[in-house]
Amino acid sequence: MTTDDLTLLQALEQKVRWLSTWTVHNANHLRENTDGLKVGGHQASSASLSTIMTALYFSVLRPEDRLAVKPHASPNFHAIQYLLGHQTQEKLENFRGYGGAQSYPSRTKDIDDVDFSTGSVGLGVAQTLFASLVQDYVRAHGWGKDRPEGRMVALVGDAELDEGNVFEALLEGWKHGLRNTWWVVDYNRQGLDAVLREGLYERFADIFRTMGWDVVVVKYGSLQQAAFAEPGGDKLRTWIDTCPNQEYSALVFQGGAAWRKRLLDDLGDQGDVTRLIEGRSDDDLAALMNNLGGHDLPALLEAFNAIDHDRPVCFLCYTVKGFGLPMAGHKDNHAGLMTTAQVDTMRESLGIRPGHEWEKFEGLTQSAGEIEAFLAAVPFAARGTRRLEAERVSLPETLATPGKESLSTQAGFGLILNEIGRTDSDLARRIVTTSPDVTVSTNLGPWLNRRGLFAKSVMADVFKRERIPSTFAWEASPEGQHIELGIAEMNLFLLLSALGLSHSLFGERLLPIGTLYDPFISRGLDALNYACYQDARFMVVATPSGVTLAPEGGAHQSIGTPLIGLAQDGLAAFEPAFVDELAVIVDWAFDYLQRDGDAVHDERTWLRDETGGSVYLRLSTRPVDQPGRVVDDELRQGIVDGAYWMRKPGPNCEVVVAYQGAIAPEAIEAIGLMAEDRRDVGLLAVTSADRLNAGWTAANRARERGLVHARCHAERLLAEVPQHCGIVTVIDAHPATLGWLGSVLGHRVRPLGIEHFGQAGTLQDLYRHYGIDANAIVAAAESVAPGRPIRHIAALPAM
Ligand SMILES: Cc1ncc(C[n+]2csc(CCOP(=O)(O)OP(=O)(O)O)c2C)c(N)n1
Ligand SMILES: [Mg+2]
């Protein structure tokens, strides 16, 4: 790098710090309805990273690299993209506003090429690690080799390293031979609340080294390094090394005179070091002491450019939170916001005229042409925007339903996947499965036997080699299509998120399927939400679910997951009862995962199906008698739309039973039990409360906007139910999942389900105990549709 280039880079660093400070200041009006805390956090946190980000974006990074930026450094990111011509002044002026640049970098909401969304600390960090594994997976399968390998880079706040998911990811990375991953830690020793504990950096360094990472500490800036070489410099260095975080931060905040007093108190009368201190003005002394490695472009560039290998690297860069701002180093600065007077002072010091705050070249000594030429040559932006696209994977006409008389949906899923795995179709090749140590118990074993385990090098299954009988072959190779994870559901969802962005990150489409136990979705819930927020595309298949795995007891029972399915944006949730339904849903899902159309409502369902999304299948381990029917187009459509009449209500109908999932046999039995005393009972098979509910909400909204003829699927189905009828809903989960059906057209509803959990027992014991067996359904029918007593009804268990 030439001296001119370095000077220009230094000017850009000032510009980035200014633009991000100004962006936040300018958006202050948005504080009206908030406590202002978060707006403030952006100024100090951004300033902490502006040197590092300048070095990376304007010099070190390449177009194939992908980044996750610490949430509160979003203004820096937007400022850099603005300078590169990928962000607009209008969006910056509307930072945090409706339609403006986002407070935390967002793949889906921002226009400026965010690689990984961030916001929930720790997740973006780990996302880069899994993205790197996905890059290796894609290349090991012979795809995407016409593009250079990229580095997956996280700009990490030091307090983010308190999040456990980061360490879960580190261990998984070690197991999978992680490469091409850089984590650049903004070691400002501050979180949101206060200055961090002493000596954390040694702990971090130890952990990273243990996990096979290189650790590069960027502690001293070039001014400090030069001072250390002066007579007495060694004493200054020792003083810096032993100064507690809090004290250093306080002195940074107080400035030159305070530094002088403190340094002379501690080191005075020591000859050479006294001269070193006294030879500098207050400003120079402050500049020297603030010149930590993370704020020194030459030191940073040297550290980054020295890496000549693909091993993962952690850069621990010493920084000052709020660097260059009046709040620098103050422990309360996360909430700090610069006053207008302070912003004016900063503006004047940078030679920026009032009213010219957004101008890119304002106040810089270089000519506009010179800067433009430099920006045009920035390697990172050399190929324009960096989002990629991939062809859709072609799909077979339909997936066959396994022909067994009695089957659980979980076993059915295993068989469907196994059938796909037998073929050499495009679909079979693009599926990648993963599971957190529950591969076999979620029925992926047969698929695994066919398609093999993924590893960077071949590993034989010793049991197989030694001819020890075993049902499963755990042979690993670069061609394998199952990625085995340790037991960490956060990792599962972060890997699914990375796999599910492969088309956009690496230009190669994958169809990821992750299996886990349904109750443990909650363990990875924030990562699942994060994956959906980034619009990653994957299928989550969860078994066992509910209390149906009866003897396992409370620790394995999931009650609230259908409500998660209902509420989670970007995730279409299904809970089929029968395997023919499952085949239809899986078939549809492979297509749905790949769609990227406009968010327009389908006038039949009022769902926005053309946008596509991810899919959650809540399955069961309970074998259920299969209907053995022909699935015609109408049935297929009903299954996908969320419900169909298993038995239509007749003209004399007084009661309808609506069920979802593995409780189907009880619902069917209940219909039989009440047949003599209630005529024309209807049975509604719900395959997706989520999609029914979404369509209903959207149709309501459409009507309120004047589209008076809008009708959703639930409305059309329930229009066949006479108004005086009662509806009993039943699910092995929280009753609220289906209870809203009564509001659709105003039918009385008695929702059955599970609110309290934890009992162990046989299936019959538990269904009786929780009041979701056939008898309880009949009793509920009697209460919701009073009339002649229903004969086949036994006393309910005491409450
Ligand atoms: C999961 C989660 N918990 C809490 C927060 C609130 N939060 C935002 S930033 C922050 C502290 C960040 O500290 P650090 O990562 O060191 O960045 P710095 O403030 O030093 O820039 C916290 C707790 C969050 N965003 N995500
Ligand atoms: Mg910090």
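Serine 620 is buried, its relative accessible area being 5% (buried means under 20% relative accessible area, with a 1.4 Å probe and protein chains only). This serine lies in the loop between strand 14 (614–618) and strand 15 (624–625); helices (H or I, at least four residues) and strands (E, at least two) are DSSP runs numbered from the N terminus. The model is predicted, so that local features need pLDDT of at least 70 and side-chain atom pairs count only at pLDDT 80 or more, whereas totals for chains, interfaces and linings use all residues. Residues are numbered from 1 along each chain as its sequence is written, chains are lettered from A and ligands numbered from 1 in the order in which they are written, and side-chain values use heavy atoms, without hydrogens and water.

The side chain of serine 620 reaches the backbone nitrogen of arginine 622 at 3.0 Å. Leaving aside residues up to four places away in sequence, serine 620 touches Ser408, Thr409, Gln410, Thr543, Ser545, Thr548 and Ala662 (contact means heavy atoms within 4.5 Å).

The magnesium ion (ligand 2) is coordinated by Asp158 (OD), Asn188 (OD1) and Gln190 (O), at 1.9 to 2.2 Å. Donors are N, O and S atoms within 2.8 Å of the metal (3.2 Å for Na, K and Ca); water is not among the atoms, so sites may look incomplete. Aspartate 158 is in the loop between strand 2 (152–157) and helix 6 (164–175), and glutamine 190 in the loop between strand 3 (181–187) and helix 7 (200–210); the pair therefore ties together parts that are 32 residues apart in sequence. Aspartate 158 counts as buried at 2% relative accessibility, and glutamine 190 counts as buried at 3%.

Key. Buried < 20%, exposed > 50% of the residue type's maximum accessible area, 1.4 Å probe, protein only. Polar contact = N/O pair within 3.5 Å; in protein donor to acceptor, adjacent residues only side chain to side chain.
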